[in-house]
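Good morning, and thank you for making time for this presentation. May I ask that the sequence and the model be brought up on the screen?

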Amino acid sequence: MSYKIPKTQIAAVVPAIGAELEVLKDYPVKQADELAPGECLVKIIATGVCHTDLHVKKGDWPIASKHPLVGGHEGVGTIVAIGRNTPVAENSVKVGDRVGIKWLAYSCLQCEFCRKGLEQACQSAKLSGFTVDGTFSEYVVSYVNHVTPIPEQLDSKAAASILCAGVTSYRALKYSDTHIGDWIVIPGAGGGLGHLAVQYASAMGLRVVAIDTGEEKRKLVLSLGAEKWIDFKTTKDLVQDIKDATDGLGPHASIVTAANSEAYSQAVDYLRPTGTMMLVGLPAAADLNANVFFSVLKCLNFKGSYVGNRQDAVEALAIAAAGKVKVIFETKDLSDLAEVYHGLEQGKVAGRIVLDVGK
Ligand code: NAD
Ligand code: ZN
């Protein structure tokens, strides 16, 4: 099978740190004979927009991306070419396969971290929409050893946001040391990661306290399986409300998915003794201010949780394909990306926005 590959494409480009997005019609497409071994060219069908893409566009993190940059790391598309001399394993992806592109575009698979399945910590990692161009374009170069096959049952738009929001929230739950029947608090529950964390947590048999703001997000998270709701903007005493919602002792774990430092601030006060906080949201400049004395006496655990490995991606997609988790999304066009960023910045996006690129 061979595909006709154009020389140029439409792409949403950030020209420099903090600069406005430009939607270009003549962004170059790497041609089949220019692909290095291990690279593949993917024709994008749909891509989700993550709050990470907004941080990257603003340049507000302590690490910098490449420029000019095509953002995006929740893409689903078709492999239209694979670099010559790419080693073929028995279960390698092929031209014509529908695959997902996640934040971790590439890792070496040979270092200590990769060998242990901690691909996110690989020192040679390439990151979609950060150190290499991402999915806000018609074509993207990715890597055969990291693209994720998309289960047949899942429509491309429905699958897209599992590749970051899904994988990340699923993995954070997996390592949260919780068990069926435990209470879990999810600050940021109405957002992209959070609304999927609510569903993965419910699928695991956890009891969910959702924290976010506004009527739309309240209705959304309660419809997705959260048992209790706390509005962080109207509560008079967040810690007390959380304890009241969780048998007076506080939750066994919290998964912080808000892009906001306040969401981290009271964890020591509300976590149940021996509880675990999974640090997921990446506010621009924030420190974890945990009182040492009470962290020790309460035997608390704090774990950073960064996306997921290839196996986490396969598992997160399989659970979605089985119908246990659904991305709640609104569809927009690539040309609407600036407006989508504005909505994310204002906290106005309930669930996710997915861009339809494949038309
Ligand atoms: P989002 O904007 O869709 O959702 C964030 C939600 O947090 C919003 O609904 C907002 O109303 C809510 N919120 C804001 N302040 C809050 C507070 N004080 N308490 C409770 N809720 C609050 O964003 P998203 O795409 O879900 O991403 C969230 C964060 O996670 C971003 O910082 C992103 O960069 C980060 N992220 C981390 C990883 C990782 O690997 N750790 C992966 C993807 C995204
Ligand atoms: Zn993301």
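Over residues 18-355 the chain is 27% helix and 24% strand, where helices (H or I, at least four residues) and strands (E, at least two) are DSSP runs numbered from the N terminus. The end C-alpha atoms of that stretch lie 22 Å apart. UniProt lists residues 18-355 as "domain: Enoyl reductase (ER)" in an unreviewed entry; such annotations may be inferred rather than shown by experiment.

This is a predicted model, in which local features need pLDDT of at least 70 and side-chain atom pairs count only at pLDDT 80 or more, while totals for chains, interfaces and linings use all residues. Residues are numbered from 1 along each chain as its sequence is written, chains are lettered from A and ligands numbered from 1 in the order in which they are written, and side-chain values use heavy atoms, with hydrogens and water left out.

I turn to a helix pair. The axes of α4 (residues 165-174) and α5 (residues 192-203) come within 8 Å and cross at roughly 50°; axes are lines fitted to C-alpha atoms over the stretch in contact, with angles from 0 to 180 degrees between N-to-C directions. The two helices are therefore oblique to each other, since angles under 35 degrees count as roughly parallel, over 145 as roughly antiparallel, 65 to 115 as roughly perpendicular and the rest as oblique.

On a 1 Å grid over the protein atoms alone, a cavity is a set of points where a 1.4 Å probe fits but cannot get out, a pocket is an open set with protein on both sides within 12 Å along at least five of seven lines, and lining residues have an atom within 4 Å of a point. A volume is the space filled by probe spheres set on the points, which are joined across faces, edges and corners.

The second largest pocket has a volume of about 500 Å³. Of its 21 lining residues, the closest to the centre are S92, V144, N145, H146 and R310. β10 (148-149) and α11 (310-321) each give two or more residues to that lining.

The largest cavity has a volume of about 30 Å³, and is lined by K102, W103, L104, L163, C164, V307 and G308.

Finally, the backbone. A cis peptide bond joins H67 and P68, with omega about -10°; P68 is in the loop between α1 (51-58) and β4 (69-70). N85, not a glycine, has a positive phi of about 65°.
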